[in-house]
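Keep the structure open beside the text as you read.

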Amino acid sequence: MKKTGLTLLTAVLLAGCTSAPDQSAAENTTPLDGDPYTLYTDELNRENIPDSASYSVRCEYRFRFSDDTLSLYSMDGVLESDEANETAHLTQHIAANGLNSTMESYYYDDTLFNEYNGITYYENMTFANVKEIMLVPLKPYAFPEQLIETVSAVKDEEGNHIYTIVLNEQSRQDYFKNHYDFYGTASFDQAEVTYGSVRAVFSEEGRWLSETAEFTTNFVYEEQPIEATYTSEVSVFNHDATRITLSDELKKKHQTYVAAADIDTSQIADDTQYDDSPEETVSATFRKRLINRLGYEEIEGGAVRMIYNTNEGYTVDFTNKTFIYSNYSINYVYSWQGDLISMGACTYDFGKDLASSECKDSTIEKMKDVRNYLMMELYYCGLSLEDLQSENS
């Protein structure tokens with residue numbers, strides 16, 4: 001993948017990409033009928049590409065040295081992409097051995113307006129360049145059959161199609177180097193990619209939903225043998241429903257940014273305004289990052305709340321494991337432990353796709369939106385709904 005400008009340079013120097021969830025956990029799946037590789041290529045040929053979508057990205061390099069010490073480089077971020085209008089909004093949170101960096105950017109009029117650790121600047125680039133900033137491919141790759149060692153195709157309980165591809169020895173080196181390895185480990189002395197796999201998930205209707213990748217590399221750096229494990233995950237959501245808000249006030253602020261070429265790079269420092277490291281539990285990490293990253297405030301009982309538009313708000317109640325969206329006197333209460341939501345007498349069970357008799361179709365649609373609100377807050381905190389639910393399973 002091509003790296004562009006200061007934005008990519010600083011990301012490469014300071015970071016890498018939070019580890020993906022363990023996909024080896026047992027799943028209730030059944031094999032799909034037919035040849036797995038044929039099914040996979042047929043899936044790709046559907047070309048069900050949305051005009052807009054949002055992408056949650058998490059990735060990690062974990063370096064193990066000869067004395068068994070570890071070095072960690074991780075990144076999590078969200079890209080909201082409106083391809084039809086060529087606008088985008090992205091955030092990244094980067095950790096490199098205790099050094100933290102944050103980035104928030106807007107893209108429009110062929111320009112990326114970026115705030116990186118308090119430094120504000122702009123870069124001219126294409127819409128394709130913006131996607132490369134996320135460092136992980138944002139579309140599935142059509143692997144030629146000769147590159148594949150094994151491929152499996154199964155269907156989960158929700159009807160999603162899951163393809164797990166293990167690359168052969170001949171292909172994994174080049175594929176890792178050209179599509180994932182922004183740190184350049186595959187180019188170091190005696191570099192060998194010893195393992196590579198990609199897991200792609202599609203909805204029953206043919207939408208690409210997610211991809212996880214894992215690669216292991218051995219190499220020598222300054223005469224020291226090192227093993228690097230790379231993992232990444234990208235999830236796609238809000239298909240054809242992602243819109244970028246660009247207010248006049250925001251655009252006026254962007255006019256004060258300077259060109260990237262005029263920045264004194266020595267002024268880019270570690271972002272130490274808060275501790276962003278993971279806590280012992282997913283809930284504790286989520287709570288801390290809601291406060292530090294997103295500006296939530298603590299309220300009585302240990303919950304946290306965000307109020308906006310004077311009449312709307314989000315409340316995350318960790319004691320009762322609920323997310324509450326309030327609008328004036330109306331409250332939608334979503335239980336992530338039970339994966340169900342209620343509003344008044346209406347209750348909807350996401351897992352069973354069942355609603356009580358009091359529910360209107362419009363209410364159920366709003367309930368699905370509320371669940372997505374929580375998912376978005378989790379993504380901005382480098383987590384997922386699956387992470388939160390698995391903690392309480």
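Two rings of Phe, Tyr or Trp (its six-membered ring) pair here if their centres lie within 6.5 Å, with planes under 30 degrees apart counted as stacked, over 60 as edge-to-face and the rest as tilted. Applied to this structure, which is a predicted model, the rule gives 36 aromatic pairs.

**Aromatic pairs**

Let's look at Tyr61 and Phe182. Their ring centres are 5.2 Å apart and the planes stand at 80 degrees, so this pair is edge-to-face. Tyr61 belongs to strand 2 (residues 52-65), while Phe182 sits in the loop between helix 4 (169-179) and strand 10 (189-202), so the contact ties together parts that are 121 residues apart in sequence. Are these two residues buried or exposed? Tyr61 is buried, at 0% relative accessibility, and Phe182 is buried as well, with a relative accessible area of 7%.

Tyr141 and Tyr175 are another pair. Here the centres are 5.0 Å apart and the planes at 40 degrees, so the pair is tilted. Tyr141 is found in the loop between helix 3 (127-132) and strand 8 (148-155), and Tyr175 in helix 4, so the pair ties together parts 34 residues apart in sequence. Tyr141 is partly exposed, with a relative accessible area of 30%, whereas Tyr175 is buried at 6%.

**Charges over rings**

| Charged residue | Aromatic residue | Distance to ring centre |
|---|---|---|
| Lys251 | Tyr108 | 5.4 Å |
| Arg371 | Phe350 | 4.7 Å |

**Strand 12 and its partners**

Now turn to strand 12 (residues 224-237), which is mostly covered, with 10 of its 14 residues buried. Which way does strand 12 run relative to strand 2, parallel or antiparallel? The two strands pair in the antiparallel sense, over 12 bridges. Within strand 12, Glu233 is the residue that stands opposite Arg58.

**Cysteines**

How many disulfides does a search of the whole structure find? The search finds one. This disulfide is formed by Cys346 and Cys359, with their sulfur atoms 1.9 Å apart. The torsion about the S-S bond is about 105 degrees, so the disulfide is right-handed. Cys346 lies in strand 20 (residues 346-349) and Cys359 in the loop between strand 21 (354-355) and helix 7 (361-380), so the pair ties together parts that are 13 residues apart in sequence.

Both partners are covered: Cys346 is buried with a relative accessible area of 4%, and Cys359 is buried with 15%. Since buried means under 20% relative accessible area, Cys359 falls within that class at its 15%. Another cysteine, Cys381, is buried with a relative accessible area of 0%.

Terms used. Residues numbered from 1 in each chain as written. Predicted model: local features only at pLDDT ≥ 70, side-chain atom pairs only at ≥ 80, totals over all residues. Heavy atoms only, no water. Helix = DSSP H or I, 4+ residues; strand = E, 2+ residues; numbered from the N terminus. Buried < 20%, exposed > 50% of the residue type's maximum accessible area, 1.4 Å probe, protein only. Lys NZ or Arg CZ within 6 Å of the ring centre and 35° of its normal. Pairing = 2+ DSSP bridges. Disulfide = S-S within 2.5 Å.
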